[in-house]
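Please consult the sequence and the model shown below while reading.

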Amino acid sequence: MRADLVRDDLWERVASLLPPAPERRRQHPGRLRVPDRTALAGVLFVLRTDVAWRDVPAETVGSSGVTAWRRLRDWTEAGVWPRLHAALLTELRRAGLLDLDDCSVDGSHVRALKRGDHVGPSPVDRARPGSKHHLIVDRHGTPLAVTLTGGNRHDVTQLLPLLDAVPPIRGRRGRPRRKPRCLYADRGYDFDKYRRLLWKRGVAHGCGLGKVRWVVERAFAWLHQFKRLRVRYERRGDLHLGLLELACSLICLRRLLQARQPSRQ
């Protein structure tokens, strides 16, 4: 297994969240189970390089693509990625690296080549099948939550689901934080109905859009550095969403580690 795929600081956070491995049969036990860390390396290899699952180089990664896909399926169904993301957000808030007062939201289209659930005709791609990534970030561009819809869904329909998807973020004394003070968005979200719904939740509509909202565009650029997310190949929407949540966790971990590094003089 390539050591740079699953670093120790990532593995120590993931290992405690994984479901226990099934017990090995006494009779006809079959081949030894691939270690979870090696299977995670296969998942990260696909996420970063966009190679097909069947083309994962087992001699390099240590796991076949089929094994990595099955482990991704099992871990997604067990809810590993949302818990990993929430744990990292808690670490960031404890370190004073989250600014939850001002948040931004936006959506991004991706083409869906194999159709599946959460797929619809994309209005920006000649009605070809597509999906949409909806993202909410803090003032620094740290991903707080992400959702997946068909490409024909309007951005504003995911405004409240995005707010609800933000996990309770601990890390400081008092109640966990899960909603911003001000929310910034483009004109696609500018509807009186949704303004009123936000006000009822105690969230204000921010001003100075160009000064704050650019961070969500940068966050999408960070997400699309993971080549598997630029085009949707997974038929199952939950697996594609799982990869999105894993990428958000990796962005959070990178920000946490960069802040802990000693500054260069």
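Glutamate 77 and arginine 236 are joined by a salt bridge in which the closest N and O atoms lie 3.1 Å apart. Glutamate 77 counts as exposed, with a relative accessibility of 53%, whereas arginine 236, at 29%, counts as partly exposed. The model is a predicted one, and a search of the whole structure finds 20 salt bridges in it.

A salt bridge also links the side chains of aspartate 117 and arginine 232, with an N to O distance of 3.3 Å. Because aspartate 117 is located in the loop between E1 and E2 and arginine 232 in strand E7, the pair ties together parts that are 115 residues apart in sequence. Aspartate 117 is partly exposed, its relative accessible area being 38%; arginine 232, by contrast, counts as buried at 1% relative accessibility.

## Glutamate 245, buried without a salt bridge

Glutamate 245 is part of helix H10. This residue is buried yet has no salt bridge, and the nearest side chain of opposite charge, that of arginine 83, is 9.9 Å away. The cut-off for a salt bridge is 4 Å from a side-chain nitrogen of Lys or Arg to a carboxyl oxygen of Asp or Glu. Apart from neighbours within four places in sequence, glutamate 245 is in contact with Trp81, Pro82 and Val146.

## The surroundings of glycine 116

Glycine 116 is situated in the loop between strand E1 (102–112) and strand E2 (120–121). With a relative accessibility of 41%, glycine 116 counts as partly exposed. Once its neighbours within four places in sequence are set aside, glycine 116 is in contact with Arg232 and Arg235.

## The second largest pocket

The volume of the second largest pocket is about 310 Å³. Its lining comprises 15 residues, of which Arg7, Arg48, Leu250, Arg254 and Leu257 are the closest to the centre. Helix H1 (8–14), helix H2 (36–49) and helix H10 (237–260) are the elements that give two or more residues to this lining. H10 gives the most, with six residues. By class, the lining of this pocket has eight nonpolar, two polar and five charged residues.

## Cavities

The structure holds two cavities of 30 Å³ or more. The largest has a volume of about 80 Å³, and its lining residues include Leu159, Asp186, Tyr189, Arg195 and His205. Helix H7 (residues 192–200) gives the most to this lining, with three residues. Six of the residues lining the largest cavity are nonpolar, one is polar and three are charged.

The second largest cavity has a volume of about 40 Å³. Among the residues that line the second largest cavity are Leu100, Cys103, Ile136, Arg177, Arg178 and Lys179. This lining has six nonpolar, no polar and three charged residues.

Definitions and conventions:
Residues are numbered from 1 along each chain as its sequence is written. This is a predicted model: local features need pLDDT of at least 70, side-chain atom pairs count only at pLDDT 80 or more; totals for chains, interfaces and linings use all residues. Side-chain values use heavy atoms; hydrogens and water are left out. Helices (H or I, at least four residues) and strands (E, at least two) are DSSP runs, numbered from the N terminus. Buried means under 20% relative accessible area, exposed over 50%, partly exposed in between (1.4 Å probe, protein chains only). Contact means heavy atoms within 4.5 Å. On a 1 Å grid over the protein atoms alone, a cavity is a set of points where a 1.4 Å probe fits but cannot get out, and a pocket is an open set with protein on both sides within 12 Å along at least five of seven lines; lining residues have an atom within 4 Å of a point. Grid points are joined across faces, edges and corners, and a volume is the space filled by probe spheres set on the points. Ala, Val, Leu, Ile, Met, Phe, Trp, Tyr, Cys and Pro count as nonpolar, Asp, Glu, Lys and Arg as charged, and the others, Gly among them, as polar. Lys and Arg count as positive and Asp and Glu as negative; His and the chain ends are not counted.
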